[in-house]
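User: I'd like to learn how to read helix packing and pockets in a model like this one. Could you walk me through it?

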Amino acid sequence: MGRPGLNRRQLLAAAGGLAVAGSFGFAALGTGADALASDARTRVRYWNLFSGGDGANMIAMLDAFRKADPDIDVKDSTLQWGNPFYTKLAMAAAGNRAPDLGVMHMGRVTGFSPGRLLDPWDVDLLAEYGVREQDYNPALWRRGIIDGKLYALPLDIHVQLCFYRKDVLKKADLLGDDGRMIPVTSTDEWFDVLKRAKAVQKKGLQTIGLWTNDQNFQWWFFVAFYTQLGGRWFNDGNTEVLFDTDKATQVLEFLRRHVTDGYVIPGAPTGEQFVNGAPFTWEGNWSVPVFSGAKLDYGAAPLPPVFGRQATHAESHAFVLPHQSDRGGATNEAAHQLAAYVVKHALQWAAGGHIPAYTPTLSTAAYKKLTPQNEYVSAMDHQATEPKVWFAGSTGVLAQDLGPVVVSSTMGSARPDKVARTMKSHLTKLLASKNPMDGRTAAQGGAVA
């Protein structure tokens with residue numbers, strides 16, 4: 001893209017400028033062997049950040065690929081989730097030691113110096129392996145486009161959900177004829193639902209788990225409801241802050257009311273309380289295996305459209321091609337083949353609660369039978385995402401700056417209207433700030449790892 005490359009010193013300085021968490025000791029938990037498999041002709045080195053149930057599902061998918069394509073040896077390594085992963089990936093790309101294939105959160109792609117730390121996908125080659133733009137939700141596909149090129153191939157979307165106990169809601173007459181929670185279209189209706197559920201729930205439990213003191217969850221919830229109100233962040237050129245403090249105050253007051261009205265026990269373990277009988281909890285879809293494993297009678301819906309518009313906070317895992325000066329040939333083609341295979345065979349991935357990005361999967365009989373996944377699949381069409389700027393994305397600067405401020409309002413240490421003004425001030429400073437890697441603002445297309 002006509003910009004100079006980055007050396008290790010610059011990357012370390014950038015990482016320090018962003019207060020990257022943790023040390024530079026990274027745990028590689030790869031399952032692949034160091035040598036090529038005896039019957040393989042090509043190796044693909046693949047870095048990901050999937051652990052726990054996600055890690056097990058990814059390994060199962062990779063093993064299926066190995067069986068289907070024995071000529072390709074997949075050397076997969078699982079690294080520490082969050083900023084440590086992104087720092088190591090950036091340093092590897094800048095030092096020409098990058099893996100052939102990687103995974104990133106979609107929100108971080110804009111800030112990862114596409115064209116310098118990431119190479120674009122060959123969309124014609126992807127099409128040869130059966131993955132095309134028309135197989136995707138248009139908005140999701142566009143999130144991976146930078147300067148007219150595809151830099152991120154979406155694997156899924158993962159969303160914040162309203163989990164509910166059917167056994168409790170049935171007692172409160174809050175289930176419809178379809179066995180699902182009755183529709184909610186306003187804040188008054190939502191708090192009436194909570195009131196009715198509280199009247200029949202077990203004593204000693206909270207009515208809803210809301211992660212009131214967690215900056216990430218509180219930020220994700222804020223993004224969802226601010227989007228429901230039609231709130232904007234910046235103008236199209238990223239030169240002006242359009243953040244609406246009145247709408248933000250409405251959202252902050254809504255979140256705070258859950259505490260003041262006694263529906264939340266601040267600091268209570270949300271998942272455990274839900275398993276033990278709490279009527280509701282707002283969690284990411286990655287909690288599906290946990291609650292299903294506990295054999296609960298439960299459902300999961302997108303966050304309620306209390307402000308009249310469907311919008312649920314969403315992020316996406318996406319495949320990327322970390323920059324290699326000599327990218328091409330059989331290894332690059334194998335990386336495209338592996339990514340396309342996983343995207344197309346994501347039913348296993350859906351078992352972890354994620355919504356597959358490859359839309360043909362959503363229409364299969366097997367996916368339609370998955371519960372509660374089939375209840376919240378509509379979230380694909382009303383994603384609430386962070387703005388497309390260098391400081392956004394999972395564990396990014398935007399969430400680190402604004403998440404704690406939202407918590408202060410929800411927990412009651414600051415007034416919602418004051419917090420809304422503080423948030424706008426933070427956004428103004430961020431929009432004017434230059435990223436520590438290339439010295440450019442968001443309006444100038446700044447990119448930072």
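Analyst: Let's begin with handedness: a crossing is left-handed if the near helix is turned anticlockwise from the far one by less than a right angle, and right-handed if clockwise. Here, α2 crosses α13 in the right-handed sense. This is a predicted model, where local features need pLDDT of at least 70 and side-chain atom pairs count only at pLDDT 80 or more, while totals for chains, interfaces and linings use all residues. Residues are numbered from 1 along each chain as its sequence is written, and side-chain values use heavy atoms, with hydrogens and water left out.

User: Where do labels like α2 come from, and at what angle do α2 and α13 pack?

Analyst: Helices (H or I, at least four residues) and strands (E, at least two) are DSSP runs, numbered from the N terminus. Axes are lines fitted to C-alpha atoms, for helices over the stretch in contact, with angles from 0 to 180 degrees between N-to-C directions. For α2 and α13 (residues 329-344), the angle is about 120 degrees and the axes are 10 Å apart. Under 35 degrees counts as roughly parallel, over 145 as roughly antiparallel, 65 to 115 as roughly perpendicular and the rest as oblique, so α2 and α13 are oblique to each other.

User: Which residues make that contact between α2 and α13?

Analyst: Contact means heavy atoms within 4.5 Å. From α2 you get M58, M61, L62, A64, F65 and A68, and from α13 Q337, L338, Y341 and V342. For classes, Ala, Val, Leu, Ile, Met, Phe, Trp, Tyr, Cys and Pro count as nonpolar, Asp, Glu, Lys and Arg as charged, and the others, Gly among them, as polar. The α2 contact with α13 comes out at nine nonpolar, one polar and no charged.

User: How do α18 and α19 pack?

Analyst: Their axes are 9 Å apart at about 170 degrees, with α18 spanning residues 397-410, so α18 and α19 are roughly antiparallel. On the α18 side, V397, L398, D401, L402, V405, V406, S408 and S409 meet P416, V419, T422, M423, H426, L427 and L430 of α19. By class, that contact has 10 nonpolar, four polar and one charged.

User: And what about α10 with α19?

Analyst: Helix α10 (residues 245-260) packs on α19 (residues 416-432) at about 130 degrees, with axes 8 Å apart. That is why α10 is oblique to α19. Their crossing is right-handed. In α10, T245, A248, T249, L252 and E253 take part, against residues of α19 including P416, D417, R421 and K424. The contact of α10 with α19 divides into six nonpolar, two polar and four charged.

User: On to pockets: what is the volume of the largest pocket?

Analyst: On a 1 Å grid over the protein atoms alone, a cavity is a set of points where a 1.4 Å probe fits but cannot get out, and a pocket is an open set with protein on both sides within 12 Å along at least five of seven lines; lining residues have an atom within 4 Å of a point. Grid points are joined across faces, edges and corners, and a volume is the space filled by probe spheres set on the points. The largest pocket holds about 750 Å³. It has 31 lining residues, with W233, T385, E386, P387 and K388 closest to its centre. Helix α6 gives the most to that lining, four residues. The lining splits into 11 nonpolar, 12 polar and eight charged.

User: Which residues sit closest to the centre of the second largest pocket?

Analyst: The second largest pocket has about 450 Å³. Of its 21 lining residues, D54, W81, W286, H317 and H354 are closest to the centre. Elements giving two or more residues include α2 (52-68) and β8 (156-165). Its lining has seven nonpolar, 12 polar and two charged residues.

User: Where is the cis peptide bond?

Analyst: Look between T371 and P372, where omega is about 5 degrees. P372 lies in the loop between α16 (365-368) and α17 (373-376).
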